[in-house]
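Please look over the model below before reading the points. They are meant to be checked one at a time against the picture.

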Amino acid sequence: MRGAMASYDLICEDCGNSFEVFRQGFLKDEDRVCPECGSTDVRQKFSSFLSNLGGASASSGCAAPSGGSPFG
Ligand SMILES: [Zn+2]
């Protein structure tokens, strides 16, 4: 498996910084460190899962409300 790099999306629970780690194989504990604040309270993000659960702080995107009443 030489050269098989996997990318992991991680997010810091401390400062909210999200970053990506490239690792050959599985993620190691030493990878779970926030490059911003150095916290080890880092968790792995999961792709396309909790997109529209509502309530979550909207990340950068083009979700502009089309002016008008929310009830159509
Ligand atoms: Zn952090």
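The numbered points go from the overall make-up to single residues and back to the whole chain.

1. Start with the kind of model and its elements. The structure is predicted. The protein has 3 strands and 0 helices, and along the sequence the pattern reads β-β-β.

2. Next, see how the strands are arranged. The 3 strands form an open sheet in the order S2-S1-S3, and the pairing is antiparallel. Strand S2 (18–24) and strand S3 (42–44) are the edge strands, each of which pairs on one side only. On average, neighbouring strands of this sheet are turned by 40° against each other, with direction ignored.

3. Now take the pair S1 and S2. Strand S1 covers residues 5–12 and runs antiparallel to S2, with 7 bridges joining the two.

4. What lies between the strands in the hairpin of S1 and S2? There are 5 residues between them, and Gly16 takes a positive phi near 80°.

5. Finally, consider the whole chain. How many of the residues of the protein count as buried? The figure is 6% of the 72 residues, where a buried residue has 20 or more other C-beta atoms within 10 Å of its own. As for contacts with a separation of 6 or more, 38% of them are between residues 24 or more positions apart.

Notes:
Residues are numbered from 1 along each chain as its sequence is written. This is a predicted model: local features need pLDDT of at least 70, side-chain atom pairs count only at pLDDT 80 or more; totals for chains, interfaces and linings use all residues. Two strands pair if DSSP finds at least two bridges between them. Helices (H or I, at least four residues) and strands (E, at least two) are DSSP runs, numbered from the N terminus. Axes are lines fitted to C-alpha atoms, for helices over the stretch in contact, and angles run from 0 to 180 degrees between N-to-C directions. A residue is buried if 20 or more other C-beta atoms lie within 10 Å of its own, exposed if 12 or fewer, and partly exposed in between; C-beta atoms are placed from the backbone. Two residues are in contact if their C-beta atoms, placed from the backbone, lie within 7 Å.
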